[in-house]
Amino acid sequence: MKKLIIWDFDGVIADTESISTGKYVEFAKEYNIILTRDDVIKYLVGKGELKQLEVLQSLGKDVNAEIVKQINDNIS
């Protein structure tokens with residue numbers, strides 16, 4: 001008999017969102033992009049890199065696609 005176990009670490013067992021939002025803030029700061037966790041949650045969570053770039057630029061942040069990619073690569 002085969003068994004299947006599914007692990008869901010997105011808030012059910014462990015709150016990974018608080019960790020990843022904190023890391024986003026931390027890595028963005030390295031590029032002089034100042035954000036709060038609330039900013040990340042409100043504007044960036046659940047969005048792809050292209051949309052993140054658009055949002056950050058609309059917030060007046062000096063950012064390009066490579067920076068957004070590097071931030072996201074560091075989180076994952």
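Among contacts in the protein chain between residues at least 6 apart in sequence, 42% join residues at least 24 apart; contact means heavy atoms within 4.5 Å. The model is predicted: local features need pLDDT of at least 70, side-chain atom pairs count only at pLDDT 80 or more, and totals for chains, interfaces and linings use all residues. Residues are numbered from 1 along each chain as its sequence is written, and side-chain values use heavy atoms, with hydrogens and water left out.

**Overall build**

- The protein chain has 4 helices and 0 strands.
- Helices (H or I, at least four residues) and strands (E, at least two) are DSSP runs, numbered from the N terminus.
- Read from the N terminus, the order of elements is α-α-α-α.
- The protein chain has 76 residues, and 25% of them count as buried.
- Buried means under 20% relative accessible area, exposed means over 50%, and partly exposed is in between (1.4 Å probe, protein chains only).

**The largest pocket**

- The volume of the largest pocket is about 200 Å³.
- A pocket is found on a 1 Å grid over the protein atoms alone: it is an open set of points with protein on both sides within 12 Å along at least five of seven lines.
- In contrast, a cavity is a set of points where a 1.4 Å probe fits but cannot get out.
- Lining residues have an atom within 4 Å of a point.
- Grid points are joined across faces, edges and corners, and a volume is the space filled by probe spheres set on the points.
- The lining of the largest pocket includes Glu17, Thr21, Tyr24, Val45, Gln52 and Asn72.
- Helices α1 (16–29), α2 (37–44) and α4 (65–75) each supply at least two residues of this lining.
- The most comes from α1, with 4 residues.
- By type, the lining has 5 nonpolar, 6 polar and 1 charged.
- Ala, Val, Leu, Ile, Met, Phe, Trp, Tyr, Cys and Pro count as nonpolar; Asp, Glu, Lys and Arg count as charged; the others, Gly among them, count as polar.

- Glu17 lies in α1 and counts as partly exposed, at 39% relative accessibility.
- Not counting residues up to four places away in sequence, Glu17 touches Ile41 and Val45.
- Glu17 and Ile41 are 24 residues apart along the chain, and their C-alpha atoms are separated by 8.7 Å.
- Thr21 also has its place in α1, and Thr21 is buried, with a relative accessible area of 2%.
- Leaving aside neighbours within four places in sequence, Thr21 is in contact with Arg37, Val40, Ile41 and Val45.

**Helix α4**

- Ile67, Val68, Ile71 and Asn72 are buried in α4.
- Seen down the axis of α4, its buried residues fall within an arc of 130 degrees, so they line one face of the helix. The arc is that of the directions from the helix axis to the C-beta atoms.
- These buried residues of α4 pack against α1 and α3 (49–58).
- Asn72 has a relative accessible area of 17%.
- Apart from neighbours within four places in sequence, Asn72 is in contact with Tyr24, Glu49 and Gln52.
- The C-alpha atoms of Asn74 and Lys23 are separated by 8.3 Å, with the two residues 51 apart along the chain.
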